[in-house]
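This report is intended for a reader meeting the structure for the first time.

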Amino acid sequence: MKYVSNGRGMIPLITAIALLSISLTVNLPGLAVSPLMGKLEDLFPSSSQLEIQLLTLLPNLVIIPMILISGKITTLRNQSVVLGIGLGIFLLAGILYFFADTMPMLVGLGALLGIGCGLIVPIAAGILSEWFYGEQKVKLLGFKSGTSNGIVILATVFVGWAASYSWHAAFAVYLVPVIPLVLLPFMTNTFINRHLKGAASTAPISAAAQTSPKTEHNEEKPTLNIKRPALTLCGIILLYVALTATSMVFTYYLPFTMKHYGLTTSQVGIATAMFYVTAMLGGFSLTPFLKLTDRTALYVCTAIMAVGLLMLGFFHTFVTYVIGVLLIGLGYGFFQPIIYSKTTDIAPTKEASTKYFSYTLAGNYVALSCIPVVVEFFQWLFHNHTADFPYFLNAALLGVVFLIGLFKRHSFVWQTRK
């Protein structure tokens, strides 16, 4: 059996792969439906526009409360059980999509999909933080971000190809949970503890052992001098919400902007896909990026995304749109795992990591949901409904975030070197 370092010892390679495979599922809800919106509107002409929109909106709305529930009920002892239930519900929804032939059935399955995915999302990040330490933990969280963004590229290509044969076939993308389900036995505490080398177990310990101040479980309480961890967590969540909302604004408005300037639908698809390419590369290259930027990592991410947004606003050619989206994706791919790492650093115990992740990741989905509302408010405030306004607005908001970061540069939220 091959092994890899977990920062304190050696862990089976198959376990590391299995833990990363969970991230294949977290970005999929709504994906298969998006390219089919026009076709579904033709297939179900009696359906309202709201029903069509619910196919993409409902899974993400359901995910938010389910993330919080997952964080509340998940412990080190039942983590594999909750994960298995979430993956099973996700896979069941994927199978049932093949038999759905009415709009209410499709909407209902979207809610079921959100339930399954919501149970999985915090565990996908939390379980990595429980078995990896230090630089290896940061590296694996970067791989997690890269994996979840990379699968979107492959899935988008697959959906486009499958839909040309049958609209039902596009939903085969929701069968991806079968991969982590097959690998689930390699993620259990029993398997990992049996094969862990050179490091004490981080699995649940006995009641007697818990009374000892020298146990590994107690050693995992952070040594960081954070006087108000709850307030610090709020700061991390707010930064995540701000950076996610400002960077992802292009997903809502770029298709309309490119169409406004005479570009084709296929060009829009290519430009949008570039975001996931660099977001994936950013996640996989996080370690060298942190070594290069040191304390300025989050500032560099903010600046990169702001430049990308300004390119979308100022220049209106296919090439400049692609470059702008590439820059936004690169900054997003770097900062996302940094936020994940900070979340685990302030968790009081390994067991609390998944609960803390549930709060942070719920903030991510709230940010994605509030983008149109924020943009429309500022459009009303400034009486500006031009095609380029969303990009200038969010570049300016990133500038405000950057200035706040300079003011709070000594806080844990903005520091990236321990």
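## Cysteines and helix packing

Cys234 has a relative accessible area of 43%, between the limits of 20% and 50%, and is therefore partly exposed. The model described here is predicted. Cys117, by comparison, counts as buried because its relative accessibility is 0%. The table sets out the two residues.

| Residue | Relative accessible area | Class |
|---|---|---|
| Cys234 | 43% | partly exposed |
| Cys117 | 0% | buried |

A disulfide is a covalent bond between the sulfur atoms of two cysteines. A search of the whole structure returns zero disulfides.

The protein contains 18 helices and two strands. Of its 418 residues, 53% are buried. Among contacts between residues at least 6 apart in sequence, 80% join residues at least 24 apart.

Helix H15 covers residues 297-314. Its 18 residues should span 26 Å at 1.5 Å a residue, and the end C-alpha atoms are 26 Å apart, which agrees. Because 13 of the 18 residues of H15 are buried, this helix is largely enclosed by the rest of the structure.

Two packed helices are described by the angle between their axes and the distance between the axes. Helix H14, residues 286-293, packs against H15 at an angle of about 105 degrees, and their axes are 9 Å apart. H14 and H15 are therefore roughly perpendicular to each other. Phe289, Leu290 and Thr293 of H14 make the contact with Ala297, Val300 and Cys301 of H15. By class, this contact of H14 with H15 comprises five nonpolar residues, one polar residue and no charged residues.

Methods:
Residues are numbered from 1 along each chain as its sequence is written. This is a predicted model: local features need pLDDT of at least 70, side-chain atom pairs count only at pLDDT 80 or more; totals for chains, interfaces and linings use all residues. Side-chain values use heavy atoms; hydrogens and water are left out. Helices (H or I, at least four residues) and strands (E, at least two) are DSSP runs, numbered from the N terminus. The expected span of a helix is 1.5 Å times one less than its number of residues. Buried means under 20% relative accessible area, exposed over 50%, partly exposed in between (1.4 Å probe, protein chains only). Axes are lines fitted to C-alpha atoms, for helices over the stretch in contact, and angles run from 0 to 180 degrees between N-to-C directions. Angles under 35 degrees count as roughly parallel, over 145 as roughly antiparallel, 65 to 115 as roughly perpendicular and the rest as oblique. Contact means heavy atoms within 4.5 Å. Ala, Val, Leu, Ile, Met, Phe, Trp, Tyr, Cys and Pro count as nonpolar, Asp, Glu, Lys and Arg as charged, and the others, Gly among them, as polar. A disulfide is a pair of cysteine sulfur atoms within 2.5 Å.
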